[in-house]
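The sequence and the structure are shown first.

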Amino acid sequence: MYKDYYIFSNGKISRKENTIYFEDKEDNKKPIPIEQIERLHFFGEIDLNTKFIGLISQYDIILNFYNYYGYYIGSYLPRKKNVSGLLIVKQSEGYIFHEKRLFFAKCFVESAVFHILRNLRNYKGKTEEVIKEIEEEKQNIFKAREIDELMGIEGRIRKRYYESFSLFLNNDFGFSKREKRPPTDPLNALISFGNGMMYNTVLGEIYKTQLDPTISYLHEPSSKRFSLSLDIAEIFKPLIVDPVIFYLINNRMLKDDDFDIEEGICFLNDEGKKKFIKEYQNKLETTIKHRTLNRKVSYRTLIRLECYKIIKALIEEESYKPLKAWW
């Protein structure tokens with residue numbers, strides 16, 4: 001059973017004793033199984049009260065909120081119980097000392113590019129030239145001396161990667177280039193929505209550890225975002241989000257009527273979101289045999305294991321080796 005619960009309709013949340021209900025505009029009440037979930041996702045306009053916040057805080061449930069277009073706008077995180085002053089000091093040192101920061105940043109980009117190339121090799125016969133170009137650009141990662149320089153390399157690789165989608169997608173929905181603000185076609189809408197879901201997933205896994213999600217290395221720390229989630233998400237976007245997109249499109253599971261366009265902004269409607277989320281959750285819960293732990297772990301667990309690897313590298317000063325899918 002998934003530990004994520006999604007609400008798409010407008011309505012309000014009420015509490016009766018230890019039971020939480022979602023009540024829609026037609027006064028239909030549906031209980032929310034708070035003892036079985038870890039994250040609540042609200043895609044509609046929801047009225048909440050402090051009694052509800054108090055109860056879900058007892059269960060350490062994270063609330064994620066999305067705007068009308070389905071894009072992430074913020075989270076409510078219960079008071080963090082798993083904290084470590086020592087780790088915060090070590091995390092900060094990793095940012096302050098340039099060589100340490102650059103090392104972690106390079107690791108995140110190197111892993112992301114590894115998974116990008118892994119995706120492209122699944123379509124050999126169509127992507128050889130792109131693979132060659134990205135392999136050449138990849139060599140510059142190890143030569144970079146500044147974060148901005150590294151970000152530029154990563155940006156050029158992703159640009160070429162996105163441009164190659166038309167080579168192997170059965171229906172590219174008219175995609176020509178990556179557009180984020182705002183997405184103007186279905187494929188850009190899919191990428192933005194999927195990347196937002198990954199950001200939230202990584203944030204949820206960071207929250208279960210002692211890491212501070214605001215101290216990061218590749219992305220600049222900011223008071224308006226959890227930038228470490230952006231760092232770690234770089235590893236998992238091509239490993240999890242992009243294959244879900246390819247699967248949905250190449251199997252013609254998403255159609256034009258799963259998207260709406262308003263005022264030049266293209267976005268998944270509720271039916272489209274549900275289709276994406278179903279496959280995204282399937283991917284997160286897919287298991288592989290971990291070659292070190294010698295047991296099966298889910299893709300979601302791999303995200304938390306990555307957090308633990310970062311902690312170990314910071315505390316014990318062991319060399320951090322980012323995930324590179326071996327299966």
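In this predicted model, helix H7 (residues 186–207) and helix H8 (residues 227–250) have axes that come within 8 Å and cross at roughly 135°. That angle makes H7 oblique to H8, and H7 passes H8 in a right-handed crossing. On the H7 side the contact is made by Leu187, Leu190, Ile191, Gly194, Asn195, Met198, Tyr199, Val202, Leu203 and Ile206, while H8 contributes Leu228, Ser229, Leu230, Ile232, Ala233, Phe236, Lys237, Ile240, Val241, Ile245 and Ile249. By class, the residues of this contact of H7 with H8 divide into 17 nonpolar, three polar and one charged.

The spaces in the model can be set side by side.

| Space | Volume | Classes of lining residues |
|---|---|---|
| Second largest pocket | about 510 Å³ | nine nonpolar, three polar, seven charged |
| Largest cavity | about 30 Å³ | three nonpolar, four polar, two charged |

The largest pocket is lined by 36 residues, of which Arg178, Lys180, Arg181, Asn195 and Leu230 lie nearest its centre; Asn195 of H7 and Leu230 of H8 also belong to the helix contact described above. Strand S8 (72–76), helix H5 (147–163), H7 and H8 each supply at least two residues of this lining, and H5 gives the most, with seven residues. The second largest pocket is lined by 19 residues, and those nearest its centre are His290, Thr292, Lys309, Lys321 and Pro322.

A search of the whole structure finds one cavity of 30 Å³ or more. The lining of this largest cavity consists of Asp4, Tyr6, Arg39, His41, Met197, Asn200, Thr201, Tyr280 and Gln281, and the elements that give two or more residues to the lining are strand S1 (4–7), strand S5 (39–42), H7 and helix H9 (270–285). Among these contributors, H7 gives the most to the lining of the largest cavity, with three residues.

Notes. Residues are numbered from 1 along each chain as its sequence is written. This is a predicted model: local features need pLDDT of at least 70, side-chain atom pairs count only at pLDDT 80 or more; totals for chains, interfaces and linings use all residues. Side-chain values use heavy atoms; hydrogens and water are left out. Axes are lines fitted to C-alpha atoms, for helices over the stretch in contact, and angles run from 0 to 180 degrees between N-to-C directions. Helices (H or I, at least four residues) and strands (E, at least two) are DSSP runs, numbered from the N terminus. Angles under 35 degrees count as roughly parallel, over 145 as roughly antiparallel, 65 to 115 as roughly perpendicular and the rest as oblique. A crossing is left-handed if the near helix is turned anticlockwise from the far one by less than a right angle, and right-handed if clockwise. Contact means heavy atoms within 4.5 Å. Ala, Val, Leu, Ile, Met, Phe, Trp, Tyr, Cys and Pro count as nonpolar, Asp, Glu, Lys and Arg as charged, and the others, Gly among them, as polar. On a 1 Å grid over the protein atoms alone, a cavity is a set of points where a 1.4 Å probe fits but cannot get out, and a pocket is an open set with protein on both sides within 12 Å along at least five of seven lines; lining residues have an atom within 4 Å of a point. Grid points are joined across faces, edges and corners, and a volume is the space filled by probe spheres set on the points.
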